[in-house]
Amino acid sequence: MLNSILNNGTAASVSIEECLVCMAVSLILGVALAWIHAYRNRVSKNFLITLVSLPAVVQMVIMMVNGNLGTGVAVMGAFSLVRFRSAPGNAREISSIFAAMAVGLAAGMGYIGAAVMMTAVVGIVTMAVLQMPDGDATAKRELKVTIPENLDYSGIFDDLFQRYTDGAKLLRVRTVNMGSLYELQYHIAMKDVRAEKEFLDQIRCRNGNLGLVCGRIPSDREEL
């Protein structure tokens with residue numbers, strides 16, 4: 001199963017049938033990787049096209065340079081230049097690109113079984129991890145409270161946080177309106193989301209009915 005379907009490692013000895021089989025497998029596995037990456041993830045169509053085509057491209061490059069050291073070094077230099085013209089991606093995008101390149105590498109060397117097995121393992125592990133609970137994300141909020149400059153913000157809402165939340169963390173304090181106001185930014189976890197309005201009304205009474213924003217915590221872009 002893990003043996004190469006190619007009789008010889010050089011590009012000159014690869015038949016058109018073997019090349020087409022490897023390319024078809026690369027494209028099919030590229031579609032599978034694109035579907036895995038899009039599972040519970042926001043992704044652009046351009047990136048999905050990249051994941052679909054990248055294994056086939058790598059597979060053809062590997063077939064052409066196999067056994068030729070000079071050509072391999074030249075291709076490596078060309079790929080290193082592409083890195084400086086690409087935007088940084090998040091952790092999941094980088095892992096998907098590496099998986100697509102590994103699939104193309106295996107297919108280019110004729111190890112079809114290994115490429116299929118790796119795609120299946122990556123898909124199973126990815127979906128299993130995505131099924132794991134990440135806490136009650138619906139109860140987590142980002143809270144921005146505006147208070148007058150003469151009001152000491154140290155511990156001003158601690159009693160309300162203790163009553164309505166399971167935890168609160170002050171992230172940032174900044175001045176607004178020419179320094180006449182402070183804006184406090186918190187991350188909180190509500191004990192009961194149904195009590196959110198009551199909680200905000202209590203804060204409005206405390207900050208003099210100034211600006212107040214409460215919403216979902218924006219997802220962070222994890223870059224490698």
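Helix axes are here lines fitted to C-alpha atoms over the stretch in contact, and angles run from 0 to 180 degrees between N-to-C directions. The model is predicted, so local features need pLDDT of at least 70 and side-chain atom pairs count only at pLDDT 80 or more, while totals for chains, interfaces and linings use all residues. Residues are numbered from 1 along each chain as its sequence is written, and side-chain values use heavy atoms, without hydrogens and water.

**Chain overview**
- The protein chain has seven helices and four strands, taken as DSSP runs (helices H or I, at least four residues; strands E, at least two) numbered from the N terminus.
- Their order along the sequence is α-α-α-α-α-β-α-β-β-α-β.
- Of the 224 residues, 30% are buried (under 20% relative accessible area, with exposed over 50% and partly exposed in between; 1.4 Å probe, protein chains only).

**Helix 1 and helix 5**
- The axes of helix 1 (residues 16-38) and helix 5 (residues 112-131) come within 10 Å and cross at roughly 5°.
- The two helices are therefore roughly parallel (angles under 35 degrees; over 145 is roughly antiparallel, 65 to 115 roughly perpendicular, the rest oblique).
- Residues of helix 1 including Cys-22, Leu-29 and Trp-35 meet residues of helix 5, among them Ile-112, Thr-119 and Met-127.

**Leu-105**
- Leu-105 lies in helix 4 (residues 91-108) and is partly exposed, because its relative accessibility is 39%.
- Beyond its neighbours within four places in sequence, Leu-105 is in contact with Val-58 and Ile-62 (heavy atoms within 4.5 Å).
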